Amino acid sequence: MIKLSCDQEHNTVIIEFIGEVDAAQGERYLPDIPKVLPKHGKGFTLLVDLSSAESLDPKIYKSIAKAMDLLNAQGVTKII
């Protein structure tokens with residue numbers, strides 16, 4: 001599972017990878033990224049939490065690359 005959220009108070013987009021994450025899940029979460037971006041636009045932090053991931057399908061890296069391109073275009077300034 002991939003969980004997306006935004007902490008508006010801290011200007012942070014959070015992406016959590018939970019359990020066994022496959023490529024299909026990666027493609028499904030991409031359209032939701034714009035929905036969680038901070039309202040004011042550029043200059044936000046991205047927090048990626050892999051602590052609950054049991055495994056990642058190697059094919060998911062395509063989706064991760066697409067997500068990073070999107071987040072870069074939207075003005076991410078710090079990645080944790």
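Asn-11 sits in the loop between S1 and S2. Keep in mind as you look around that this is a predicted model. So, is Asn-11 buried or exposed? With a relative accessible area of 16%, Asn-11 is buried, because the cut-off for that label is under 20%. Leaving out residues up to four places away in sequence, Asn-11 touches Pro-38, His-40, Gly-43, Phe-44 and Thr-45. For a sense of distance, take Ala-53: it lies 42 residues from Asn-11 along the chain, and the two C-alpha atoms are 24 Å apart.

One of those contacts, Thr-45, is worth a stop. Thr-45 belongs to strand S3 and is buried, with a relative accessible area of 16%. What does Thr-45 touch beyond its neighbours within four places in sequence? The list is Asn-11, Thr-12, Val-13, Val-76, Lys-78 and Ile-80.

Val-48 is another residue of strand S3. At 28% relative accessibility, Val-48 counts as partly exposed. Val-48 and Thr-77 are 29 residues apart along the chain, and 14 Å separates their C-alpha atoms.

| Residue | Relative accessibility | Contacts |
|---|---|---|
| Asn-11 | 16% | Pro-38, His-40, Gly-43, Phe-44, Thr-45 |
| Thr-45 | 16% | Asn-11, Thr-12, Val-13, Val-76, Lys-78, Ile-80 |
| Val-48 | 28% | Ile-15, Phe-17, Ile-80 |

Now for the core. The largest nonpolar core has 17 residues, and the members that touch the most others are Ile-2, Val-13, Ile-15, Tyr-29, Ile-33 and Leu-71. Which elements give two or more residues to this core? They are strand S1 (2–7), strand S2 (12–21), helix H2 (33–36), strand S3 (44–56) and helix H3 (61–73). S2 gives the most, with four residues.

H3 has 13 residues and runs 18 Å from its first C-alpha to its last, close to the 18 Å expected at 1.5 Å a residue. Ser-63, Ala-67 and Leu-71 are its buried residues. Viewed down the axis of H3, the buried residues fall within an arc of 70 degrees, so they line one face of the helix. On the face of H3 turned away from the buried side you'll find the exposed residues Lys-62 and Asp-69. What do the buried residues of H3 pack against? Their partners are S2, helix H1 (23–29), H2, S3 and strand S4 (76–79).

Just after H3, Gly-75 takes a positive phi of about 100 degrees. As for strand S4, it pairs with S3 in the parallel sense over three bridges, and Leu-46 stands opposite Ile-79 in S4. The chain crosses from S3 through H3 to S4, and this β-α-β crossover is right-handed.

Conventions:
Residues are numbered from 1 along each chain as its sequence is written. This is a predicted model: local features need pLDDT of at least 70, side-chain atom pairs count only at pLDDT 80 or more; totals for chains, interfaces and linings use all residues. Side-chain values use heavy atoms; hydrogens and water are left out. A nonpolar core is a set of buried Ala, Val, Leu, Ile, Met, Phe, Trp, Tyr and Cys residues joined through side-chain atoms within 4.5 Å. Buried means under 20% relative accessible area, exposed over 50%, partly exposed in between (1.4 Å probe, protein chains only). The expected span of a helix is 1.5 Å times one less than its number of residues. The arc is that of the directions from the helix axis to the C-beta atoms. Contact means heavy atoms within 4.5 Å. Two strands pair if DSSP finds at least two bridges between them. A crossover is right-handed if, with the strands pointing away from the viewer, the path from the first strand over the helix to the second runs clockwise.
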